[in-house]
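Please keep the sequence and the model open while reading.

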Protein chains: 4
Amino acid sequence: MIRVLITGGTFDKEYDELQGRLYFKDTHLPEMLRLGRCRVPVAVETVMLMDSLHMTDGDRQRIADRSRNSPESLIVITHGTDTMVETAAALAAAVPVKTIVLTGAMVPYAFGSSDGLFNLGSAISFVQTLPPGVYIAMNGTHFEWHNVQKNRETGVFELIR
Amino acid sequence: MIRVLITGGTFDKEYDELQGRLYFKDTHLPEMLRLGRCRVPVAVETVMLMDSLHMTDGDRQRIADRSRNSPESLIVITHGTDTMVETAAALAAAVPVKTIVLTGAMVPYAFGSSDGLFNLGSAISFVQTLPPGVYIAMNGTHFEWHNVQKNRETGVFELIR
Amino acid sequence: MIRVLITGGTFDKEYDELQGRLYFKDTHLPEMLRLGRCRVPVAVETVMLMDSLHMTDGDRQRIADRSRNSPESLIVITHGTDTMVETAAALAAAVPVKTIVLTGAMVPYAFGSSDGLFNLGSAISFVQTLPPGVYIAMNGTHFEWHNVQKNRETGVFELIR
Amino acid sequence: MIRVLITGGTFDKEYDELQGRLYFKDTHLPEMLRLGRCRVPVAVETVMLMDSLHMTDGDRQRIADRSRNSPESLIVITHGTDTMVETAAALAAAVPVKTIVLTGAMVPYAFGSSDGLFNLGSAISFVQTLPPGVYIAMNGTHFEWHNVQKNRETGVFELIR
């Protein structure tokens, strides 16, 4: 059994017809798992729905608490890419002996051109095969939490080295 | 570097407007990897484009040859689901010491409701983390080649047990 | 108020995951009208769901009966393209003083690349502005029933002239 | 022959992966006409790409000039919904004896859930059948320019009456 914790991020942004802007309404995860015809038992839990630029230490604490206290030892977290690395570090400090994979999207799932479904398939797979630890999985690759950064110019995650 | 071998299957079926039926035109893999913004180096090679129900032993031999002779040791194969298990067995007999992941789709990628992108993200991830061997990856799960069958009634892959 | 009569055709073909072929399950019309945020009052009625190549004179009779007996004088009919012209002729003979627009699609709505939504928007508009008569509306154009044929080689409707 | 003038609006908003916001890159009109397999001869011309809230009198003047000076007497204009009524009034004052249909979308075309393709099919059809004048066509309905307003609360165009 895999626990999927929803925290928001580009993944779940929706278009507000009246205001003409992006916002959060509901998570698309259940629909995405249905589309992927996912056969792994998955428990989906929405912890929050927010832009990761607005996350506080308290928010990260809540995510860490839910990761530690959930009965599953395999955890996928959907998260905005801007501060995914910071949350990964907070999880590494607070949650021992679980395999945690953070993932996200460059383009909202509601857009036709989203990378979300590819990334979700990837995260669901990495979490079942990687040893315990905290990882970031984006665009077919995975990184250990302490050795990755988001390149602000290209938008791509890369090794710190 | 991952080698992706294309063999056809539901994945790549396209709609023929004039005849009103499904057929093969070209593989959608490059477009899917672009959509997933895949950052792993991938070499895509079309071995054939066919319905797996029509595959002969000779066809499976060609797939095994391309798997064995490609310089990469990580190989993803897109394949029709109907005889994916038979091809996996042929590969296990013919290709030692490589990690080979076969994947496919229940619904063509060209349909809005396809599981293809999810499965591709999954296969690209499993192939990087599983030990050498031949596997089938569908819908978030993976199976060793000798312990899986397709349930014809539900359309789902399951353990033989 | 516009009456929309569903008869099947490419429009409503769906993908059968187990058999790997196209079939009819349900009409997509209500979903399409919702997507188009259609504000014209519309009554949707499924008369049949069939490939127009299999339509009999009796089937055309039922479509004509429903067109004549419905309280609305504006009628849109979704229909397979292969015998759309024959049904249009049957309607012209049997239903006086209504504006009837037949439309269809070259690619099923369930495919990402469908022309269905464009054609539906077009038919809904033509039916409100054309004088009474029977018309075929496809791909932005409209034809009077007695002056149109489907070109089997190109798949396109054209004037007989 | 129909002239399609592009001015921007929700229709053509695209997602900026790096900034996580909506912006204009290019018009989607040619792709939409291809998807709709539009058979009416159409000349597409990008006059500007802007949010209609930012349009000045000078911008409306340019749109009116292009409408008056184009050789075609049938004109479709894609436009943001917020000030579509103002531009329609400017056109009514400046362009005599042409049929002009303004249309737009509540959701960007790049989103899966867009009403854009439906509205485009509708506008292309209304412009061929309505008498000369300036109209707004949205969501299956059409309004004369002097008798329509956008309801800011519901986002819907409605008669003034």
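In this predicted model, C:Lys98 lies in the loop of chain C that runs between α3 (84–94) and β6 (99–103). The residue is buried yet takes part in no salt bridge, and its side chain reaches the backbone oxygen of C:Ser70 at 2.7 Å.

- Leaving aside neighbours within four places in sequence, C:Lys98 is in contact with C:Ser67, C:Arg68, C:Ser70, C:Glu72, C:Ser73, C:Ile75, C:Pro132 and C:Gly133.

**Chain A against chain B**

- Chain A and chain B each bring 29 residues to their contact, and between them they bury about 2,300 Å², of which 67% is on carbon and sulfur atoms.
- On the side of chain A, the residues that lose the most area to chain B are A:Arg37, A:Arg39 and A:Phe118, which together account for 26% of what that side buries.
- Across this interface there are 0 salt bridges, whereas 11 residue pairs are in polar contact, counting pairs with both residues at pLDDT 80 or more.
- Both α4 (116–129) and β8 (141–144) of chain A supply at least two residues to the side that touches chain B, and α4(A) gives the most, with 11 residues.
- By class, the residues on this side of chain A comprise 12 nonpolar, 14 polar and 3 charged.

**Chain A against chain D**

- Here 17 residues of chain A are in contact with 17 residues of chain D, and the two chains bury about 1,400 Å² between them, with 65% of that area on carbon and sulfur atoms.
- A:Tyr15, A:Leu18 and A:Phe111 supply 42% of the area that chain A buries against chain D, which is more than any other three residues supply.
- Between chain A and chain D the count is 0 salt bridges, together with 2 residue pairs in polar contact, both residues being at pLDDT 80 or more.
- The side of chain A that touches chain D is made up of 8 nonpolar, 5 polar and 4 charged residues.

Methods: Residues numbered from 1 in each chain as written. Chains lettered and ligands numbered in written order. Predicted model: local features only at pLDDT ≥ 70, side-chain atom pairs only at ≥ 80, totals over all residues. Heavy atoms only, no water. Contact = heavy atoms within 4.5 Å. Buried area = accessible area lost by both parts, 1.4 Å probe. Salt bridge = Lys/Arg side-chain N within 4 Å of Asp/Glu carboxyl O. Polar contact = N/O pair within 3.5 Å; in protein donor to acceptor, adjacent residues only side chain to side chain. Helix = DSSP H or I, 4+ residues; strand = E, 2+ residues; numbered from the N terminus. Nonpolar A, V, L, I, M, F, W, Y, C, P; charged D, E, K, R; others polar. Buried < 20%, exposed > 50% of the residue type's maximum accessible area, 1.4 Å probe, protein only. Lys, Arg positive; Asp, Glu negative; His and termini not counted.
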